[in-house]
Amino acid sequence: MSQTVLSLLAHPDDAEFLCAGVMARLVHEHGWKAHLATMTPGDCGSVQDAPREISSTRRAEGEAAARVIDAGYHCLEERDLLVFYDAPTLKKVTALIRRLKPSLVLTHSPQDYMMDHEMTSILARAACFNAPIPNCDSGPEEPLHEIPHLYYCDPIEGKNQFGETIQPGTLIDISNVIEIKERMLACHAS
């Protein structure tokens, strides 16, 4: 399998908050290739800017953050607050995974405070499973040879939709790359 990691999260800046340190370690300490993908361009991420303006800004911020670790940035162009598990969206996510060929996918916790995050989690799980199935139609991309490893990030607030704390199953020390994570987060001025 490739040494490629894909963070597949809902919005620009989710990766920077949730898994940028892990991605930085994989890139800088182990030579992995990395990709950051968002389901949306963050079109509801402002109270001042119109959706088109803030989407353009947040896409550019996501690209800048990805460049900090020499990663690619991909936006699947769904809309904020409207990420759903449906056939067209699943096909789009499966095609992305087939094209990038990650061996490791990082996504949202299945239990979160926000439905965009939970739906992204479900889509990532299904697309990882679907990616090697030859009869799963997701366009021209060839099926993978095996299912990528899938790991869930902690919810941003550390709690599920009921306010209960989610206990992490794995902790990764990112102290050696915290400055890189900070630089990635700083790309999100909006």
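Contact here means heavy atoms within 4.5 Å, and buried means under 20% relative accessible area, with exposed over 50% and partly exposed in between (1.4 Å probe, protein chains only). Helices (H or I, at least four residues) and strands (E, at least two) are DSSP runs, numbered from the N terminus.

Keep in mind that this is a predicted model, in which local features need pLDDT of at least 70 and side-chain atom pairs count only at pLDDT 80 or more, while totals for chains, interfaces and linings use all residues. Residues are numbered from 1 along each chain as its sequence is written, and side-chain values use heavy atoms, leaving out hydrogens and water.

**Helix H5**

Now select residues 115-130. These 16 residues of H5 reach 22 Å from the first C-alpha to the last, close to the 22 Å expected at 1.5 Å a residue; the expected span is 1.5 Å times one less than the number of residues. H5 is mostly covered, with 12 of its 16 residues buried. Among the buried ones are His-117, Met-119, Leu-123 and Cys-128.

**The sheet**

Next, show the strands. Five of them form an open sheet in the order S3-S2-S1-S4-S5, with parallel pairing; two strands pair if DSSP finds at least two bridges between them. Strand S3 (72-75) and S5 stand at the edges with a single partner strand each, so one side of each has no neighbour in the sheet. From one strand to the next, the twist averages 20 degrees.

Zoom in on S1. Six of the six residues of S1 are buried, so the strand is largely enclosed by the rest of the structure. Thr-4, Leu-6 and Leu-8 are buried on one side, and Val-5, Ser-7 and Leu-9 on the other. Six bridges join S1 to S2, and Leu-8 has Ala-37 as its bridge partner in S2. Towards S4 there are four bridges from S1, and here Leu-6 stands opposite Val-105.

Step over to strand S2 (residues 33-38), which four bridges join to S3. The bridge partner of Leu-36 in S3 is Tyr-73. Then bring H4 back into view: this helix lies across S1, S2 and S3, running at about 160 degrees to S1. Axes are lines fitted to C-alpha atoms, for helices over the stretch in contact, and angles run from 0 to 180 degrees between N-to-C directions.

Select Val-5, Met-23, Leu-36 and Ile-69, the residues with the most contacts inside the largest nonpolar core, which has 27 residues. Such a core is a set of buried Ala, Val, Leu, Ile, Met, Phe, Trp, Tyr and Cys residues joined through side-chain atoms within 4.5 Å. H2 gives the most to this core, with five residues. Around Leu-36, the residues it touches include Ala-15, Met-23, Ala-66, Ile-69 and Met-184. A second, separate core of 20 residues includes Leu-96, Val-105, Met-119 and Leu-123.

**Last stop: Ser-138**

Finish in the loop between H5 and S5, where Ser-138 sits. Is Ser-138 buried or exposed? At 5% relative accessibility, Ser-138 counts as buried. Its side chain makes a polar contact with the side chain of Arg-98 (3.0 Å). A polar contact is a pair of N or O atoms within 3.5 Å; within protein, one must be able to donate a hydrogen and the other to accept it, and residues adjacent in sequence count only if both atoms are side-chain atoms.

Note on methods: Lists of a residue's contacts leave out its neighbours within four places in sequence.
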